[in-house]
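Good morning, and thank you for making the time.

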Amino acid sequence: MKKDIILAGVGGQGILTIATIIGDAATAAGLHLKQAEVHGMSQRGGDVQSNLRLSTEPIYSDLIRQGAADLIISMEPMEALRYLPYLHGEGWVVSSSHPFKNIPNYPDEEALMTELAALPHVAILPIEEVAKEHSLPKSANMVLLGMSARYMDILTPEQLRESIARVFAPKGEKVVADNIKAFDLGLAIIS
Amino acid sequence: MMKLLLGDEAVALGAVHAGISGVYAYPGTPSTEITEYIQAHAPEVRSRWCTNEKTAMEAALGMSYAGKRSLVCMKHVGMNVAADAFVNSAITGVNGGLVVLAADDPSMHSSQNEQDSRFYGKFAMIPILEPSTQQEAYDMMPYAYALSEELKLPVLMRVVTRLAHSRAEIAVREPLRQNVLNPDNERTHWVLLPGNARRQYATLVEKQALLLSKSEESPYNSEFKIQNSKLGVLACGIAYNYVMENEPHKLGIPVLKVSQYPLPEATIKAFAAQCESLLIAEDGQPMVEEQVKALLGADYPVIGRLTGALPRMGELTPDNVGAALGVSVEHPYANAQNVMPRPPALCQGCGHRDVYDALNKVAAEYPDARIFGDIGCYTLGALPPFRAIDSCVDMGASITMAKGAADAGVHPAIAVIGDSTFTHSGMTGLLDAVNDKSRITVVISDNLTTAMTGGQDSAGTNKFEAICLGLGVEPEHVRVVVPLPKNMEEITRIIRDEIDYEGVSVIIPRRECMQTLKRKLRQNKTK
């Protein structure tokens, strides 16, 4: 079994934290893993992505082939669309609905959301608002991870929760509890 | 034990476990995380950042001279800076093992070119190792140091961005102990007067046959055993993964993996004899393709980047390699309609923004003004909304290009350079300008860190006024300002004053990088 995941967003939105948690869970589960990241110039507000490949078999390429991704997880709706050619026919897109407009020529928001919502397998949520409503403003990315957990199937929600606890442990119990709560919110909304 | 590591971290841990006593490096994407990992995890290894790649290379050679193992790391363009010391280290030879790690950036994700460091290894006539995986990068380190000490030559290890910045699980072994202090007594090896240098060079030339036999026997060069195929693939370093991702065995295509150079010529000839044609898959420039063409003769069909089978430029991907292998791919989704490019930008609140606002205000009053930029976050001042700089070439070129342009009659000629870039390669150019009394205005935009690569210490912090005065800039023309919107009137006035001065002036706008400031605030909060 394999799971090829593209994590997308804008530099500084925290996609590497999501990647770290999935990576930690995969390692703990004894899966093979490759996780290509973007470091350097693009981290200054440019488009960033991480190719995350999990498999029960050894993995060769650090990069996912076009038409091979099982899941696109995006902190930003336009960034979700950027990687569509990498998705296979049954693949899912899980995205925040909140646009991050740091360019003057950002596309028409309505047209963008229409295109995204028209995909056959898509879950879109205002993760920032959901996080804020529950007084977890810093955990929007964990809401997104919770939403994605439904489509991850190579890892269980419980394995991801344990990983959140491990990764955030150095920041204290409250941070761990908040992030698990945000994860569960995302998971419940999709279930 | 298994560890999840970035390729860079696998290199770092491999070197630490190979018993290095020091790492010498200047930050540069995609090599930075190697030294950062050693700084964070190996206090027994000397690891402070160096001023530039040349000082790093020379210090590493000095440690090798003293009998200990050393690592020097840089991005590909850093090899140009280190080249004098690098090429000559092959002539002196080494004492303790010396590995030079060059991290190339095909597709120029964070670079101004995609030069292929393997050419430097061939040029210097030393062994080159090119790992295909993070595990291999880790495993190759003790092998590289043993090879270096056996051959008495530096070894070049070349990685690319996708290996450097991708994580994988690594099986880790027991660390080796560091070498003891044992300085070399063979002065004739190290004093490269022409008489000695000729002897040393002759020795290097003689060693080439041994280097070749090492490649033929290398555990990192291997092959599939398939007889008689229409097409065979020679896959170098990371390209091997992209080839294997396309399951060549299902297509009946044999693969020869090359991860150690000089090219194993006999192995390649034997492999080519099994096939009717060869595809050369290599990330970077078509170095191997050119050599294999020469090796196999004009009648043997060799395809690759030079023939259009693979793109002439840009990094390899499983997709473009698949296409070269004739694998057809279905991807149901075309490019989306509502997607625009999202280039990086200077952070909100960044001091460089205020510097460019001020420069643009003043430059608007001087239609002939030219602003020469440099390498760092502030290169983003070339993009909207600032569009403030007219050039960006290499580390330090802002000052010297401004000088040359001023010599030619350009006025005002303004240089914008960051603090770390200034100490890397700007100081010597400033001395030229002072000695020539060139009419230039140098802006050292000091954010107290090496920001673009993630906030490493900057070699000149708290020393810039003293450096400029020491180089001979007149004290009244070394001006320090705080780049904030509220100071705009003062800053623009000072820029105007200094443009009118008929000599070298230096303006230092100084305010801490927003990223390092935020990080400090976060750290204080968790404490």
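**The strands around S18 of chain B**

I begin in chain B, where strand S16 (residues 440-445) pairs with S18(B) in the parallel sense over 3 bridges. Two strands are taken to pair if DSSP finds at least two bridges between them, and the elements themselves are DSSP runs, numbered from the N terminus: helices are H or I with at least four residues, strands are E with at least two. Before going further, I note that this is a predicted model, in which local features need pLDDT of at least 70, side-chain atom pairs count only at pLDDT 80 or more, and totals for chains, interfaces and linings use all residues. Residues are numbered from 1 along each chain as its sequence is written, while chains are lettered from A and ligands numbered from 1 in the order in which they are written.

Is S18(B) enclosed or open? Of the 5 residues of this strand (residues 505-509), 4 are buried, so S18(B) is largely enclosed by the rest of the structure. Buried here stands for 20 or more other C-beta atoms within 10 Å of the residue's own; exposed stands for 12 or fewer, and partly exposed for values in between, with C-beta atoms placed from the backbone.

**The open sheet of chain B**

Chain B also has an open sheet of 6 strands, in the order S2-S3-S4-S6-S5-S11, with mixed pairing. At its edges stand strand S2 (20-25) and strand S11 (260-261), each with a single partner strand, so one side of each is left without a neighbour in the sheet. Inside that order, strand S4 (residues 98-104) and strand S6 (residues 155-160) of chain B run parallel and are joined by 6 bridges. Leu101(B) is found opposite Met157(B) in S6(B).

Gly19(B) lies in the loop between helix H1 (7-17) and S2 of chain B. This glycine counts as partly exposed because it has 19 C-beta neighbours inside 10 Å. Leaving aside residues up to four places away in sequence, Gly19(B) touches Arg69(B), Leu176(B), Arg177(B), Gln178(B) and Asn179(B); contact requires C-beta atoms, placed from the backbone, to lie within 7 Å.

**Domains of chain B**

Chain B is divided into domain 1 (2-217), domain 2 (222-324) and domain 3 (351-517), with bounds that come from an automatic or database domain assignment. The C-alpha centres of domain 1 and domain 2 of chain B lie 26 Å apart. Between these two, 23 residues of domain 1 are in contact with 22 residues of domain 2. On the domain 1 side, H9(B) gives the most, with 4 residues. By class, that side has 10 nonpolar, 5 polar and 8 charged residues. In this scheme Ala, Val, Leu, Ile, Met, Phe, Trp, Tyr, Cys and Pro count as nonpolar, Asp, Glu, Lys and Arg as charged, and the others, Gly among them, as polar.

Helix H12 (residues 287-296) of chain B has Met287(B), Val288(B), Glu289(B), Val292(B) and Lys293(B) as its buried residues. Among the elements covering them are H5, strand S9 (229-236) and helix H11 (265-274) of chain B. After H12(B) comes Gly297(B), whose phi is positive, near 90 degrees.

Which residues of H6(A) are buried? They are Leu160(A), Arg161(A), Ser163(A), Ile164(A) and Phe168(A). Seen down the axis of H6(A), these fall within an arc of 165 degrees, so they line one face of the helix; the arc is that of the directions from the helix axis to the C-beta atoms. The cover over them includes H1, helix H5 (140-149) and helix H7 (173-190) of chain A.

Finally, the contact between the chains takes 42 residues from chain A and 41 residues from chain B. S2(A) provides the largest share of the chain A side, 5 residues. That side has 16 nonpolar, 17 polar and 9 charged residues. S2(A) also pairs with strand S7 (residues 166-171) of chain B in the antiparallel sense, over 3 bridges. There, Lys34(A) stands opposite Ala168(B) in S7(B).
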